[in-house]
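Q: Hi! Could you walk me through this structure in plain words?

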2 protein chains.
Amino acid sequence: MNKLNDKNLVTGKLKLLRLGIDTYRENVAYLHRNCEVYRAEGFQALSKVMVCADGKHIVAVLNVVDDESIVGLDELALSEEAFEHLGLAEGQLVTVDHAQPPESMDAVRRKIAGQRLGKKDFYNIIRDITERRYSKAELSAFLVTTGQTDMDRDEVLYLTRAMSESGDQLNWNESLVADKHCIGGIPGNRTSMLVVPIVAAHGMLIPKTSSRAITSPAGTADTMEVLASVNLSINELHDIVRRQRGCMVWGGTARLSPADDIMISVERPLGIDSQGQMVASILSKKLAAGSRQLLIDIPTGPTAKIRHMHQAQRLRKLFEYVGDQLRIELEVVITDGRQPVGNGIGPVLEARDVMQVLQNDPMAPNDLRQKSLRLAGRILEFDPDVRGGDGFVMARDILDSGRALDKMNKIISDQGAADRVYELGRLTHDVLAQNEGTVTGIDNLQMARIARFAGAPMDKGAGVDLFKKLGDRVEKGEPLYRIYAEFPSDFKFSRALCNQNSGYSIGLQADIPQAFVEF
Amino acid sequence: MNKLNDKNLVTGKLKLLRLGIDTYRENVAYLHRNCEVYRAEGFQALSKVMVCADGKHIVAVLNVVDDESIVGLDELALSEEAFEHLGLAEGQLVTVDHAQPPESMDAVRRKIAGQRLGKKDFYNIIRDITERRYSKAELSAFLVTTGQTDMDRDEVLYLTRAMSESGDQLNWNESLVADKHCIGGIPGNRTSMLVVPIVAAHGMLIPKTSSRAITSPAGTADTMEVLASVNLSINELHDIVRRQRGCMVWGGTARLSPADDIMISVERPLGIDSQGQMVASILSKKLAAGSRQLLIDIPTGPTAKIRHMHQAQRLRKLFEYVGDQLRIELEVVITDGRQPVGNGIGPVLEARDVMQVLQNDPMAPNDLRQKSLRLAGRILEFDPDVRGGDGFVMARDILDSGRALDKMNKIISDQGAADRVYELGRLTHDVLAQNEGTVTGIDNLQMARIARFAGAPMDKGAGVDLFKKLGDRVEKGEPLYRIYAEFPSDFKFSRALCNQNSGYSIGLQADIPQAFVEF
């Protein structure tokens, strides 16, 4: 600890320190309780401070430290992301000030009071969120109040626009820029990794940027990473897309709709997910990514995000309304969301399923193949030269002929093939049927949690491999699925979870719920 | 750093560490990113973990640490309050598990979806909040959703009951147990410190437990502490009340409605404060404190918490409804909330005002005296032996005769006189009138913030001393008030704030807003 510099005491300056603590998308500042320049407890009413230097500033939640080995009396420490965000070097002098609650919280309070918000309100809120001026509690307030009364269609539109403009925006300078997006909730549903090579092989531009899994056991970016690098710069992305007409990369580097990432970090753990927020989240990202033609997949089923056909229809219309206003050519398909798609859940297992389909392997999961062909077919029909109804057959030809596999290999090679082979987890456990009968239900949420507890997506080789799907006949003691894990603690967590609830229901053929399928 | 113990790796145990970080009413657990027993990132989706040992457990938000000097690879650290809450010694072995979101969040989501909650729902929510199972984001969700649609009267009643039973409950075994409470928002409004000695001198039981200031520049506990110790055990509290018939202590040690303290720590910074939550917060504390006769003060004015008479009346009726159901004899008075009460804002200055009134000092602020006498008079009339309308005169006699001062001195002596004399802050700044005229407005919020930024209530001697009140004539350049601060950084903050907005309006006599006064 350095002796306190008297000059600093007068100027109110503290030395900036980077503290090796990851506070997960919330800026945290650490100040010693006995700091002689500022009195930490004086700030604690609002528990937020503004840290300033060099014309830069960030707002952070204040934690008061009693240990000089963590923060000295003449230091101000920031958590890792906050430090990056401020963008100054360690040791630079910073000042601390009272942070006012973000001005746009007034609009949030108006919304809480039942008022409708305008375009300007949403811009201000999203700007403050993007600049990390909202604490988690304030974010939660915004999410709950806009989720609770639900926004009207124009509020959703304003929110979407504001979010799409909160970060970078890509421009492809073509009239056909296709994309697809699934609202999520169905494990194993890796259709993008089949749709992209098929559509790109046809020659249509499909620059797919995906997120990593947040509460699911694998996102497209996590799974693609088993095969190729997904962390590409914007320039690399453009080059590959120009050459191959498609890509599958992580959208994080492009800073597309960064407000969305911040909101999701609070929304998902809370388990609140209103239709308006979902539409704004998806369309803002797609708009920023420069998509002009967009296919939205709404899986519907008893354990899917959308459980009833009328909810799916309402959501479809909201997507259509906002998409039209944003001049996105948007199609919505409502698909069978009664169970996971494919057999594998977790990055390595899902990559295996995808490659089996591309290789026309007889072991390939047929549900994944069929769904991907239908989605790809619908996208191909965005091409004015393709006759309505011909898309499916064209997609199938591209897949069966090996052109999709060839395109996939080229995209992998251009993105950079993975520099290691990811193996399945060494620890395995088979979950057995407790009685004989027909599989009448597979709980999407529970299967996702089991795979997640097993270590997916952090451990690429962790996850669940399904041996039985809806309608399959099982004997007592026959394996239903296998858990793969790499770490003993994860293995224990996931086994404990499937002992509580295996996720499978076994009964009579007649008990299988009706599929909600539109196409 | 100790070498990782292989046995711990198998049993999943980590050594407990207390980290000197005060995370302000949120449990935080710190785990090294490369901890070999648990993989920190595997927990991060929900960012909450359960830390268990010896049959005890706490739920904590997870922060991932990259610095072994903060947390070793075989350690699990807890923030200060979390460590106290778990109640184990450093070095004890703990296990970490996935924390499920608190079960009662289902009820919160039902409320978000527009449903009315039942008695059981509120019990479960308050139990989970009291056990610190709610993250700040989840607390915020509960507060916003119950604030937004506002609760119906019975929901407020259920919430109040659940909160009052969340901690200790005092029982005085008398039929008359008086108390008073102001809904807050008016700086300097220290009537309790006059009402308690007057009522106790009359012989009526008035065991006053108060909170410390959270976002205001002084609470009754902060101000009383200038004169006497306020951190008393429940036993000491009982002894003093039996002897003196009254006390003025900090309610924190008694754990009265602890859920309230947790909720307030999120609610105040968010600036959301619904009537239902306010009633539940106040009445739950009073019910737990064993109050049977309660006077509620609702100051109303343009910069008070309640700004319009119709809001004050609505709030009054809600207090009355819930109070009746709880069998509290409850009276509500709507008072003049247009400006601060008394002259001083901040603990030392407010204690000075109180003592001047008790000493019948000609310098004593008359508004504080009059208001306190009226409130005390209404409380005296809870006594069946006091004739309706006689209370004010009785209170005045007790004050003028010196019996109130005598009682105050005895209470101070019994609680333990302060072991030091608190001085006013050494740094002073006079704020001058920019033009001549009549004081037509004093902004309660702004004056509170200026005093707060100057260091109140942490520095007892910091605050603001008002020289002019509503209706006073001022010349240009005449001092309006003086800021007192102890620390240069605070002094700077408060001066910057009053340069932005002095809080005073000067104009014509006719511009003074009408008082809303009921009694």
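A: Happy to, and here is some background before we get to the details.

A: This is a predicted model, in which local features need pLDDT of at least 70, side-chain atom pairs count only at pLDDT 80 or more, and totals for chains, interfaces and linings use all residues. Residues are numbered from 1 along each chain as its sequence is written, chains are lettered from A and ligands numbered from 1 in the order in which they are written, and side-chain values use heavy atoms, with hydrogens and water left out.

Q: Where is A:His98, and what does it touch?

A: A:His98 is in strand 7 (residues 93–98) of chain A; helices (H or I, at least four residues) and strands (E, at least two) are DSSP runs, numbered from the N terminus. Leaving out residues up to four places away in sequence, A:His98 touches A:Gly42, A:Phe43, A:Met50, B:Phe453 and B:Phe493, where contact means heavy atoms within 4.5 Å.

Q: Is A:His98 buried or exposed?

A: A:His98 has 12% relative accessibility, so it counts as buried. The cut-offs are under 20% relative accessible area for buried, over 50% for exposed and partly exposed in between (1.4 Å probe, protein chains only).

Q: B:Phe453 was on that list. What about helix 17 of chain B?

A: B:Phe453 is one of the buried residues of helix 17 of chain B. Eight of the 10 residues in this helix (residues 444–453) are buried, so it is largely enclosed by the rest of the structure. After the helix comes B:Gly455, which has a positive phi, near 125 degrees.

Q: Switching to charges, how many salt bridges are there over all chains?

A: The structure holds 80, each being a side-chain nitrogen of Lys or Arg within 4 Å of a carboxyl oxygen of Asp or Glu. A:Arg39 pairs with B:Asp459, for example, with the closest N and O atoms 3.0 Å apart. That pair crosses between chains, from the loop between strand 3 (28–32) and strand 4 (48–53) of chain A to the loop between helix 17 and strand 16 of chain B. Both A:Arg39 and B:Asp459 are buried.

Q: What does A:Lys48 meet in a salt bridge?

A: Its partner is A:Glu138 (2.5 Å, N to O). A:Lys48 lies in strand 4 of chain A and A:Glu138 in helix 5 (residues 136–148) of chain A, so the pair ties together parts 90 residues apart in sequence. A:Lys48 is buried at 7% relative accessible area, and A:Glu138 is buried at 3%.

Q: Last one: which strands join strand 18 of chain B?

A: Strand 14 (residues 427–432) of chain B runs antiparallel to strand 18, with six bridges, and strand 16 (residues 463–466) of chain B is also antiparallel to strand 18, with four bridges. Two strands pair if DSSP finds at least two bridges between them. Five of the seven residues of strand 18 (residues 479–485) are buried.
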